[in-house]
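Good morning, colleagues. Please take a moment to look at the sequence and the model on the screen, and then I shall go through the parts I have selected.

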Amino acid sequence: MQRLVDLHIHTNLSDGTFSPEKAVEYSKAKGLAAIAITDHDTCKGITPAIMAAKDLDIEIIPGIELSAEMDDRDLHILGYFIDWQNEEFSKKLEHIIRIRKERAKEILKRLKRVNVNISDEELFKLADFGCVGRLHIAKLLFKKGYVSSISGAFKEYIGDNSPCYVKKFKLSPKEAVDIIKGVGGIAVLAHPKTINAKDRPLEDIIALLVKDGIQGIEVYHSDHTKNDEKKFADIAERHDLVMTGGSDCHGFGKKQILIGKIKIPYELVKKLRAACWSRRNLGH
Ligand code: AMP
Ligand code: FE
Ligand code: FE
Ligand code: ZN
């Protein structure tokens with residue numbers, strides 16, 4: 001039987017709703033041979049996931065998803081096979097999370113100005129043990145009846161062009177890649193379909209990212225059509241990038257549970273690991 005994997009899963013340590021244990025249990029039930037835990041700006045879900053996977057014969061690949069910006073363009077960069085317990089790295093992440101908290105408070109202030117009342121306490125209770133983000137705020141907007149859906153929360157209040165949007169502190173792509181490489185990881189461009197390519201061809205953007213050290217691209221993703229997969233697979237080939245894929249599951253955070261919606265062959269994990277190790281061995 002072919003071994004299948006999902007390389008993009010969020011837990012409740014960032015803006016997913018599953019605990020790491022639950023994510024592992026669910027992935028096992030879906031028949032996956034390996035998963036990557038890729039929370040936004042935190043690695044706190046990785047050790048609990050590894051512990052939970054111990055007797056289940058499912059491999060946990062340590063990962064992270066960092067946000068970067070190129071000319072005002074949002075980019076998400078995944079890191080795999082990272083040394084998630086590295087102290088300096090943990091400090092960097094804690095710093096990013098502290099800035100996220102300040103930004104979240106600023107969003108709540110702006111919401112207050114339009115008569116939407118969510119207290120700092122309510123928000124931080126929800127995002128208690130991890131990394132706070134807009135999905136937490138969207139959930140509260142929904143729960144408190146200000147909007148009728150999560151996507152409505154983004155549309156009406158906190159989406160990129162909405163009245164209460166506050167920009168997030170972002171790394172440059174090179175900084176994000178260097179952080180990942182600094183802990184032995186390999187950097188992969190997440191959900192390339194979401195990149196704003198209105199005023200610059202996507203291929204140019206990707207070529208720049210490759211120069212910055214990106215070595216892989218998420219060809220398979222819950223939001224990609226077959227055409228998207230083909231397009232990004234072609235791009236991967238032209239730029240000699242490793243192809244990856246994952247569901248980008250946020251638990252119940254996004255309408256439906258996505259774990260296992262995207263399953264890619266374990267062979268791709270082997271390629272990813274090989275690319276990571278050969279770079280480490282070459283020392284760059
Ligand atoms: P943040 O990192 O705090 O800016 O929040 C980004 C999170 O919000 C990611 O998990 C996105 O997938 C999610 N997100 C962004 N826009 C939307 C949207 N329109 N509907 C649902 N989730 C969204
Ligand atoms: Fe998220
Ligand atoms: Fe993302
Ligand atoms: Zn994600």
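In which sense do β5 and strand β6 pair, and over how many bridges? Before I answer, please note that this is a predicted model. The two strands, β5 and β6 (residues 216-221), pair in the parallel sense, and two bridges connect them. Within this pairing, Leu189 has Ile217 in β6 as its bridge partner. Together with α8, the strands β5 and β6 form a β-α-β unit, and this unit is right-handed.

Let me turn to the other neighbour. β4 and β5 run antiparallel and are joined by four bridges. Here Ile77 is the residue that stands opposite Leu189 in β5.

As for the side chains of β5, Ile186 and Val188 point one way, whereas Ala187 and Leu189 point the other way. All of these residues are buried.

I now come to the metals, beginning with the iron ion (ligand 3). Its coordinating atoms come from Glu65 (OE), His76 (ND1) and His191 (NE2), at 2.0 to 2.3 Å. Along the sequence, these donor residues follow the spacing E-x10-H-x114-H. The histidine pair links distant parts of the chain: His76 belongs to strand β4 (residues 73-80), while His191 sits in the loop between β5 (186-189) and α8 (202-211), 115 residues apart. Both His76 and His191 are buried. The distance from the iron ion (ligand 3) to the iron ion (ligand 2) is 5.6 Å.

Next is the zinc ion (ligand 4). His8 (NE2), His10 (NE2), Glu65 (OE) and Asp248 (OD) coordinate this ion at 2.0 to 2.3 Å. Why is the arrangement of its donors irregular? The four donor atoms subtend angles of 77 to 169 degrees, whereas a tetrahedral site would need all angles between 85 and 135 degrees. The spacing of the donors along the chain is H-x1-H-x54-E-x182-D. His10 lies in the loop between β1 (4-9) and α1 (20-29), and Asp248 in the loop between β7 (242-246) and β8 (264-265), so this pair ties together parts that are 238 residues apart in sequence. His10 counts as buried because its relative accessibility is 1%, and Asp248 counts as buried because its value is 8%.

Thank you for your attention.

Key. Residues are numbered from 1 along each chain as its sequence is written. Chains are lettered from A and ligands numbered from 1 in the order in which they are written. This is a predicted model: local features need pLDDT of at least 70, side-chain atom pairs count only at pLDDT 80 or more; totals for chains, interfaces and linings use all residues. Side-chain values use heavy atoms; hydrogens and water are left out. Donors are N, O and S atoms within 2.8 Å of the metal (3.2 Å for Na, K and Ca); water is not among the atoms, so sites may look incomplete. Four donors count as tetrahedral if all angles lie between 85 and 135 degrees; four count as square planar and six as octahedral if opposite donors are over 155 degrees apart and all others between 65 and 115; anything else is irregular. Buried means under 20% relative accessible area, exposed over 50%, partly exposed in between (1.4 Å probe, protein chains only). Two strands pair if DSSP finds at least two bridges between them. A crossover is right-handed if, with the strands pointing away from the viewer, the path from the first strand over the helix to the second runs clockwise.
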